[in-house]
Amino acid sequence: MSQALQSLLDLLDLEQIEEDIFRGRSRSAIVPRVFGGQVAAQALVAAGRTVPADRPAHSLHSYFLRPGDPGVPIVYTVDRIRDGRSFTTRRVVAVQHGQPIFHLSASFQEHEEGLDHQAPMPAAPDPATLPTAEEQLPTYAHLPPAVVERFLKSREAVDIRYVDDPPYGRFGEPREPRSQVWFRTNGKLGGAVDRPLLHVCLATYVSDYTLLDSVLLAHGRGGWAVQDVVGASLDHAMWFHRPFRADEWLLYDQESPSASGGRGLGQGRIYTQDGQLAITVIQEGVVRVPRTSP
């Protein structure tokens with residue numbers, strides 16, 4: 001296991017400070033605020049700590065309320081909304097400086113047999129044929145070295161490989177509002193940490209990295225890296241359909257059906273390498289063009 005991955009696992013290992021109250025720390029992000037995927041993943045960890053292990057998460061719905069301060073801890077308070085015969089519901093509020101910055105509702109379900117169908121996995125190249133971030137990012141001569149360094153630092157724990165150029169790699173001309181990436185953790189998970197909840201939380205963490213890329217592609221924008229838009233996540237929803245491992249390749253197929261009113265919508269499906277639909281993700285974010293474009 002890489003040191004970067006171990007650091008990410010430590011980040012998700014919350015400190016319990018009271019019954020149903022947990023504390024998490026933050027890590028540096030590519031923007032000067034707490035990375036949204038981190039807050040969502042930590043909140044799901046907090047919720048999952050209050051649920052029996054035989055009830056995996058099947059959905060979450062969340063809102064980003066305020067920017068997180070990476071310099072101070074985040075306190076997560078869990079409300080045990082319902083413990084039913086098949087389903088368990090939890091609500092989590094993340095607080096900093098006495099104010100809520102994030103709200104999550106999550107539902108958990110014991111295993112049950114039922115009807116089964118899925119959307120087919122789209123075509124995508126083998127991830128082994130795609131460049132790593134370390135190989136790809138330095139080829140974009142227009143990106144300042146400091147930006148490249150921040151990208152690489154923020155993604156050391158996860159191997160993310162783009163099928164096509166990301167928005168900041170080739171911009172200025174609209175493209176199809178669709179993006180694909182393969183991802184997996186930089187290292188295998190094993191031992192006591194190898195639990196289904198951890199894989200779900202890791203996927204939640206990664207799911208916030210690229211979901212709004214397709215919004216930018218539709219308008220030929222490159223994103224914060226080239227400073228031609230400003231934005232932030234507003235809400236984030238996920239449905240976990242089938243078991244998966246975050247340390248094995250997952251295809252994240254993403255598209256944007258709409259952008260209007262200073263907001264953009266991204267939706268994605270995450271598939272295992274053998275074609276199983278594992279997760280559906282939907283997110284809306286603020287996407288604004290600066291008044292004075294660089």
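1. Packing of α2 against α5. In this predicted model, helix α2 (residues 36-48) packs on helix α5 (residues 196-210) at an angle of about 160°. Their axes lie 7 Å apart. The angle is over 145°, so α2 runs roughly antiparallel to α5. The crossing of the two helices is right-handed.

2. Residues in that contact. On the α2 side, the contact is made by Gly36, Gly37, Gln38, Ala40, Ala41, Leu44, Val45 and Gly48. Helix α5 supplies Leu197, Val200, Cys201, Thr204, Tyr205 and Asp208. By class, the contact has eight nonpolar, five polar and one charged residues.

3. Strand β1 (residues 15-18) pairs with strand β2 (residues 21-24). The pairing is antiparallel and spans three bridges. Glu15 stands opposite Arg23 of β2. Two residues separate the strands of this hairpin. Asp20, in the turn, has a positive phi of about 65°.

4. Setting of Gln136. Is Gln136 buried or exposed? Its relative accessible area is 10%, which is under 20%, so Gln136 counts as buried. The residue belongs to helix α3 (residues 133-136).

5. Contacts of Gln136. Which residues does Gln136 touch, leaving aside neighbours within four places in sequence? They are Pro131, Tyr162, Asp164, Asp165 and Pro166. For Tyr162, the separation from Gln136 is 26 residues in sequence. In space, the C-alpha atoms of Gln136 and Tyr162 are 9.0 Å apart.

How values were computed:
Residues numbered from 1 in each chain as written. Predicted model: local features only at pLDDT ≥ 70, side-chain atom pairs only at ≥ 80, totals over all residues. Heavy atoms only, no water. Helix = DSSP H or I, 4+ residues; strand = E, 2+ residues; numbered from the N terminus. Buried < 20%, exposed > 50% of the residue type's maximum accessible area, 1.4 Å probe, protein only. Contact = heavy atoms within 4.5 Å. Axes fitted to C-alpha atoms, helices over the stretch in contact; angles between N-to-C directions. Parallel < 35°, antiparallel > 145°, perpendicular 65-115°, else oblique. Left-handed = near helix turned anticlockwise from the far one by under 90°. Nonpolar A, V, L, I, M, F, W, Y, C, P; charged D, E, K, R; others polar. Pairing = 2+ DSSP bridges.
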